Amino acid sequence: MRIALFVTCLADTMFPAAAKATVLLLERLGHEVVFPEGQTCCGQMHINTGYQKDALPLVRRHVKTFAPYDVVVAPSGSCVGSVRHQHAMVARSAGDEGLAARAEDVASRTYELSELLVDVLGVEDVGAYYPHRVTYHPTCHSLRMIRVGDKPQRLLRQVRGLELVELEAADQCCGFGGTFALKNADTSTAMLADKMRHVLDTKAEICAAGDSSCLMHIGGGLSRLDAGVRTVHLAEILAATEADS
Amino acid sequence: MTTFLGMPTTAPRGVGNLRGDESFPAAAHKALGNAQLRRNLGHATATIRAKSGAVIDELPDWQELRTAGSALKADTMARLPELLLQLEENVTAAGGVVHWALDANEANRIVAELVRATGEDRVIKVKSMATQEIGLNEALEAAGIEPVETDLAELIVQLGHDKPSHILVPAIHRNRAEIREIFLREMPGVDPALTDEPVILAGAARRYLRETFLNTKVAVSGANFAVAETGTLAVLESEGNGRMCLTLPETLITVMGVEKLVPTWQDLEVFLQLLPRASTGERMNPYTSMWTGVTPGDGPQNFHLVLLDNGRSAVLADEVGREALHCIRCSACLNVCPVYERTGGHAYGSVYPGPIGAVLSPQLTGVEDNASLPYASSLCGACFDACPVKIDIPSILVHLRNEVPHPRTEKALMRAAAYTMDHPKLYEAAQHAAKLSKLAGRRLPPPLSGWTASRDLPEPPAETFRDWWAKR
């Protein structure tokens, strides 16, 4: 299958390992990955901070960039959530019904990585090997916006060598929330403290998730504490093989 | 013929309890430092969540009930004016008197005048969000009338000269030692040997309230529902204090927000299933009192209904925001909210805290007056899932963030960021600048200081994804 990568600006700039892993994993599974030029950011930060007008050109750019592709994948539940639940709304608020219709069309072909693997490609065992104790933070937008359910965990359970440990209060927000982490830094940190406590309670070496943004937040807190737990994107675990270790 | 009554107005300043003294982040900062509060809230919200979740799981048709509740409210809002007139007609036909209050000031004046006309100087009150919203107690006191809250938690709040911090459990921020101190200091005729055992504290409140019930001739209530078709009002409560207030006095004055309406009697079937399970985690509400006007020889012989707007028409005029008027005040969204669980209700500055407060208060007051509230959420979406009438709170938050006035610097930064993101060459240049900036491991100035106070920034990668891709 020919799959277009929607890399997301955060993974592109700060967490390329997650994006590279997405490419290598899909190629290993026999698919062709293309990287449409001209893509930058989906505009979620602008939309969620109250700047829909500024986000409009970004929505237009995203829709134009990905319109030619049958299947689009992103290593992020949150960015896929914005594409699916916000792009058409932003276009409609600006009175651009044509763009709204095209945005809905692109959204209907856009998948978060675990959705693509399980729902579209029909695979749960991706042939990965990752000999570590891992706990999984399911991320709010993956859970409640695009409803990936337990697909990430189903994928992780098939990974050789991986011990998946349940995270207490896993469905509670880690406190990132985009600019919430800056505008309400104290509350965000209080939420993070509880998330880190639950992560540490698992005695896992790795806290994994399907969103680099939440991982940046959780990882930033764990790093500050020198807690000795690393954050790793789901794609990196699924891309790992015995050759890597 | 149409009668133009002017543009809908927001709730007036200087009266009521919809505005805080400081922004949410500032108030939250203080609340987060209170370890006792954090523990109380964590325990209380987790307990209610578990209880409510268990009884909701018993219903195979919970999602269908939510959909029905949502649809009934949408229908009600779509024809609110006609339904309100129908309610007025039916209440009047049943012997009640209907008053229309544009805002808090009018409602407070109407109630004070009605009480004064009875010649009484004390009223007993059923727990009511609407009267907290308009600051009725303060207005009555100013008019020389003593209001006595009869819901146990509201009584604790009132005697403590305090503000409620939760819609359903307003004294959630108090522990029993504090309650004992408040009772000893403020409750008339209290036993000085009072202990902080819950049963003893409840007994003291019961004795004081029973005396008050039997000696007070006027009651003030809110309403959970009003049925347009029959003119029936409904109050749901758990302690029986409401039943006392609604049946013992000679005069009953009910203050109700205009959105509390349901079109028909049958519609209650849906809401009486939704509300207790989502709210207290009970299968059936303990005390459900319903009355239609006046019944000779039974219950209050004078009944007044005050229909309160106080900004609701302005909310109704907003196509996205109006969904907030569907709220049945169950507080399920508070109990699942990770922000509320840590900051408590006072940080929101309004009687309506939590996610629903963050969308309701700024709309009632106009967004300028509660500009920080739409941002008091990480948009995690737990509130939307928990809401028994499926109010899409995250979408309303995003909508309101687009309406509030933005700080000048932020506006410039956001515009520059959007411009950069819309020009791939600039975007790539910015990516490389980020790599060279060596921000990792440093404490940054505002607005990034909020991040680095508690979190390290990641080390920028050696190359961006698109650099790697270009080299393949």
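Before we go on, two housekeeping notes. This is a predicted model, where local features need pLDDT of at least 70, side-chain atom pairs count only at pLDDT 80 or more, and totals for chains, interfaces and linings use all residues. Residues are numbered from 1 along each chain as its sequence is written, while chains are lettered from A and ligands numbered from 1 in the order in which they are written.

Now let's look at how the chains meet. In chain B, 49 residues are in contact with 52 residues of chain A. By class, the chain B side has 29 nonpolar, eleven polar and nine charged residues. Here Ala, Val, Leu, Ile, Met, Phe, Trp, Tyr, Cys and Pro count as nonpolar, Asp, Glu, Lys and Arg as charged, and the others, Gly among them, as polar.

Next, the sheet in chain B. Which order do its six strands follow? The order is S1-S10-S7-S4-S2-S3, in an open sheet with parallel pairing. Helices (H or I, at least four residues) and strands (E, at least two) are DSSP runs, numbered from the N terminus, and two strands pair if DSSP finds at least two bridges between them. Strand S1 (97–101) and strand S3 (146–149) of chain B each have a single partner strand, so one side of each is left without a neighbour in the sheet. Zooming in, strand S2 (residues 122–125) and strand S4 (residues 218–221) of chain B are joined by two bridges. Lys125(B) has Val220(B) as its bridge partner in S4(B).

Finally, please find Val351(B), in the loop between H15 and helix H16 (354–365) of chain B. Is Val351(B) buried or exposed? Val351(B) is buried, because 24 other C-beta atoms lie within 10 Å; buried takes 20 or more, exposed 12 or fewer, and partly exposed is in between, with C-beta atoms placed from the backbone. Leaving out residues up to four places away in sequence, Val351(B) touches Asn17(B), Leu18(B), Met129(B), Gln132(B), Glu133(B) and Pro164(B).

Conventions
Contact = placed C-beta atoms within 7 Å.
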